[in-house]
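Open the model in your viewer and keep the selection tool at hand. Each stop below says what to select and what is there.

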Amino acid sequence: MKMKLLLTALTTLVAGALYATDIPSVGSAAPDFSAPDANGKTQSLSHYKGKYVVLEWFNPECPFVKKHYGSDNMQKLQAEYTGKGVIWLTIDSNAPGSEGNITAEQAQKIMDSWKTKQTALVLDPESKIAKLYGAKNTPNMVIINPEGKIVYEGAIDSKASPNPADIPASTNYVKAALDESLGGKPVSNAQTKPYGCHITYKSS
Amino acid sequence: MSRFGQLSIVAFAVLFAQSAVAQNYQGKELVKPSLQADTSAIVPGKPFNVGLLLRMAPGWHTYWKYSGDAGLPTEIKWKLPPGWNIGEIQWPIPLKTIDPGDIQTYGYQDEVLLIQEITPPAKIDISPVKLSAEANWLVCEKICIPGGANVDLELPVAASSEPKNTDVFARYRRLVPQNFPDDKAATSNWSRTGNDLHLKISSEQIANYQNIDFFPVPQGSETVVGHPSIESRKTNEITFRIPIESPDKNLSAMPGLVVFSKFPNSNDRSAWRIGAPQIAAAAQIVQPSRGIATFLLFGFIGGFILNLMPCVLPVISLKIFGFIKHAGQDRRGVFRNGIAFIAGIFVWFVGLALLLIALKAAGHQITWAAQFTNPYFVLALSVVVLVFALDLFGVFEITLPQALTHRMLHSSEREGEAGSFFQGVFATALATPCTAPFLGPAIGFAFTQSPLVIFSMFVSVAAGMSAPYFLLSAQPAWMKFLPQPGPWMVHVKQFMGFLLLATLLFLIYVLGAQRGLEGAIWASCFLLVIAIACWMKGAFLIPTASASKRATARIIMLVFLIASGAYFIGDKFHSSKIDIAQSNLPGDWQPFTPERLQSERDAGHAVFVDFTAAWCLTCKFNEKAVLENSEVRDAFQRHGVVKMKADWTNGDPAITKILQQFGRPGVPLYVLYPGKSAEPIVFPELLTKNNVLEKLETIAVASR
């Protein structure tokens, strides 16, 4: 009996120390969702199966989001990769009554005045999509491959600050991950800590 | 939302231009920054403290050095003349806020003082001195606004000084975490299972606080940490679970704070800093176990334990029996015999290592005990076991061909040693399917390594297995503890033959699992012919028989063997197959397929997978003793866990792939997939009822 106890203890120890079985959210299947966009059209992830899809969590009031739109950094990324056939869905998951929540009309206005280049701006006032992906920040970036697996999750770039002056000196993780993926290579930095404002979830 | 249009467009331009002393938003002053010193004057060479005091508007907060799921830490950039030194920010223990969506952040409300120590040079020429810094912060309520300011403070230079601002400094010094106490007052212990770090703190102080938490400080943006939670708590002991979401497998510990308070965020909170010494201690514990030396040690221990495995014991008892027989002989003879046995063990393992290295080099997936997924290997082993058993019964005597013995050992006198050598090989061949608990991880590790490491790993397993014989051979004096030889030995020998027959039953069972009932029967027919051949050898191939009689017996034996081998094995056994998918599974078990696992998980069901094989005794033991235990079965049912059996008896490649994903070279493997997104829980190779019940309980709690 003692022997077995000892064995069990040691095994647990060894197995525990060595066998880090990790199934990170990166690499798993991206959950499907359907939600209306700013133009009233329904956007479903499953509709884009076979294509790379970028999800970008958005809040027009958030200084970290403004950092990337005010500097034209986000628009350039959107234009470059939608030009390469990538689907880019910007998602606003902030609950009604919170700052950053927008109506379809407001969303259209922002897209016009900010000259955004995404495929669609999806409205998620119930925070359903954010919950599915565990998104907590704006901006929070997710890249999904044509097989429907998440290949990147995290920050847009390496410098966590609201200051646009930091953009030129930072590494854009989304760009790097998309370039690697489109080039048929595995993503070298597949998970990073997102930074930004928190998404105000609908309290249920 | 009407202000939205103006604000969002204007904000681009003005956001970072502002550097006013106070931060205004919608006419409200959000953060009022100032610099404070704890002294009335600067005394040259004498360190003093300054603090950045941030006063936040009600409801707004700034962030700690690790901001949590959102936010950014406050930054202070000092502009000090050369010769002035500034210490690190002494961050007060933050408040932990949990917002809808389980967004956890660490920060400060109302007010915070970020203290730093300044050491002035020994000689200061001017007075007063102006200390200035640029501070940047993010202040959030429902929305986040970045702010920044240049702050400064003028202090006279004097020979002596009075304390100043004592209240505010005292208030925040009290909230600065303490160093971790010495070993007598508290101990910390890190471990890692899967993607979870576990921090165990033992201290009498734990009993005094209702609320204890761990605030992590992950290093660098590549380490993504989940929300720490309390795993268990006893009177003087608490264990935190800290999930690591980034794929950093080498992370063994993380800096942070162990925070004590009466209530969450109450003002009496105090904290111990988990810093470099505790991290280093964790690294010391964990690093070697990742190091090759420790794996080799586990290999050695595992090898030793192989001796006790049920499939090896009969052969091993033979060897001990050999020691008894030789106890009266001269010391050198005993020693040589022992060494020959050990050599047999080594040759098997080294051979296996070389084979695996070659297979790996050829790009094959390699697995421990993989040879047992091959029915012909099992059949060959059955033949060897049977022949050995018949030898023990005295049906015939195994005599090795003289020429072979000669060539190998250069002397016919050493036939006993050749026998010992093959016993060593044989014992080890039987041992391999019993993936002893230690061998699993250790060999799994070795398989991912260079050929040299694989080789050393097998050598150390061999060393472990042979250690007891080496000791007995080298120190025959210890053999006096073994009983005296006598006629009883014949009975023991025959009894051991029955143990081997029991092993044979097991092997036939494996063949049955691989090739069905018919396969097992055909294989048994062949074994029967082998037995007859052995009997003929014992009965007719004796020195007293005439040469012609012996030749006839030889020819008959040969024809028998070849004919039965061709018919029973080459034809019948070869063509008998069973469809694994159709094989019946007991009770509520479902056959495993990766697709079925995925669909059950997608449906939100918890799934338990038993990776097993007919030839795996540890698996059978676990299934009987734990998984089919009524208490465990009820628990599975109560928690609505779907049970699947992944049968690796025939080496199904889909299962091999999953075993490798879990870093396991073979079965058993037990995995509990709690739900859709939660990470799978891996059980140790030897299951216990309590462990399984406990884990089932935790997933039930988690899903509630």
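Start with β10(B) and β11(B): a hairpin of 3 residues joins these two strands. Strands and helices here are DSSP runs, numbered from the N terminus: a strand (E) has at least two residues, a helix (H or I) at least four. Select residues 129–140 of chain B for β10, then 144–155 for β11. The two strands run antiparallel, with 12 bridges between them. Strands count as paired if DSSP finds at least two bridges between them. Pick Leu131(B) and look across to β11(B): Leu153(B) is its bridge partner.

Before moving on, a word on what you are viewing. This is a predicted model, in which local features need a pLDDT of at least 70 and side-chain atom pairs count only at pLDDT 80 or more, while totals for chains, interfaces and linings use all residues. Residues are numbered from 1 along each chain as its sequence is written, and chains are lettered from A and ligands numbered from 1 in the order in which they are written.

**Stop: Ile76(B)**

Select residues 75–79 of chain B; this is strand β5, and Ile76(B) is in it. Is Ile76(B) buried or partly exposed? It counts as partly exposed, because it has 19 C-beta neighbours inside 10 Å. The scale uses C-beta atoms placed from the backbone: buried means 20 or more others within 10 Å, exposed means 12 or fewer, and partly exposed is in between. Now show the contacts of Ile76(B), leaving aside neighbours within four places in sequence: Leu52(B), Ile89(B), Leu114(B), Ala133(B) and Ala135(B). A contact means that two C-beta atoms, placed from the backbone, lie within 7 Å.

**Stop: the cores**

Select Val54(A), Ile143(A), Tyr152(A), Val174(A) and Val139(B). These have the most contacts inside the largest nonpolar core, which has 111 residues. Such a core is a set of buried Ala, Val, Leu, Ile, Met, Phe, Trp, Tyr and Cys residues joined through C-beta atoms within 7 Å. Strand β10(B) gives this core its largest share, 6 residues. Domain 1 (15–176) and domain 2 (179–287) of chain B both contribute residues, so the core lies between them. These domain bounds come from an automatic or database domain assignment.

Zoom in on Val174(A). Not counting residues up to four places away in sequence, it touches Val54(A), Leu77(A), Met141(A), Ile143(A), Tyr152(A) and Ile156(A).

**Stop: chain A**

Show chain A as a cartoon: 6 helices and 9 strands. Of its 204 residues, 48% are buried.

Select α3(A), residues 73–82. Which of its residues are buried? They are Met74(A), Leu77(A), Gln78(A) and Tyr81(A). Look down the helix axis: the buried residues of α3(A) fall within an arc of 100°, so they line one face of the helix. That arc is taken from the directions from the axis to the C-beta atoms. The buried residues pack against β3 (53–57), α2 (63–70), β4 (87–92) and α6 (173–182) of chain A.

Next, select Gln108(A), in helix α4 (residues 104–114) of chain A. Gln108(A) and Asn39(A) are 69 residues apart in sequence, yet 7.4 Å apart in space, C-alpha to C-alpha.

**Stop: the sheet in chain B**

Chain B has 18 helices and 24 strands. Five of its strands form an open sheet with mixed pairing, in the order β20-β22-β21-β23-β24. The edge strands are β20 (590–591) and β24 (681–682), each pairing on one side only. Inside the sheet, 5 bridges join β21 (607–612) to β23 (669–673), and these two run antiparallel. Select Phe611(B); its bridge partner in β23(B) is Leu669(B).

**Last stop: confidence**

Colour by pLDDT, the predictor's confidence in each residue, from 0 to 100. The mean is 85 for chain A and 78 for chain B. Residues 1–24 of chain A fall below 50. In chain B, residues 284–290 are also below 50, as are residues 434–438. Where pLDDT is low, the predicted coordinates should not be read in detail. For the complex, the predictor gives an ipTM of 0.73 and a pTM of 0.51.
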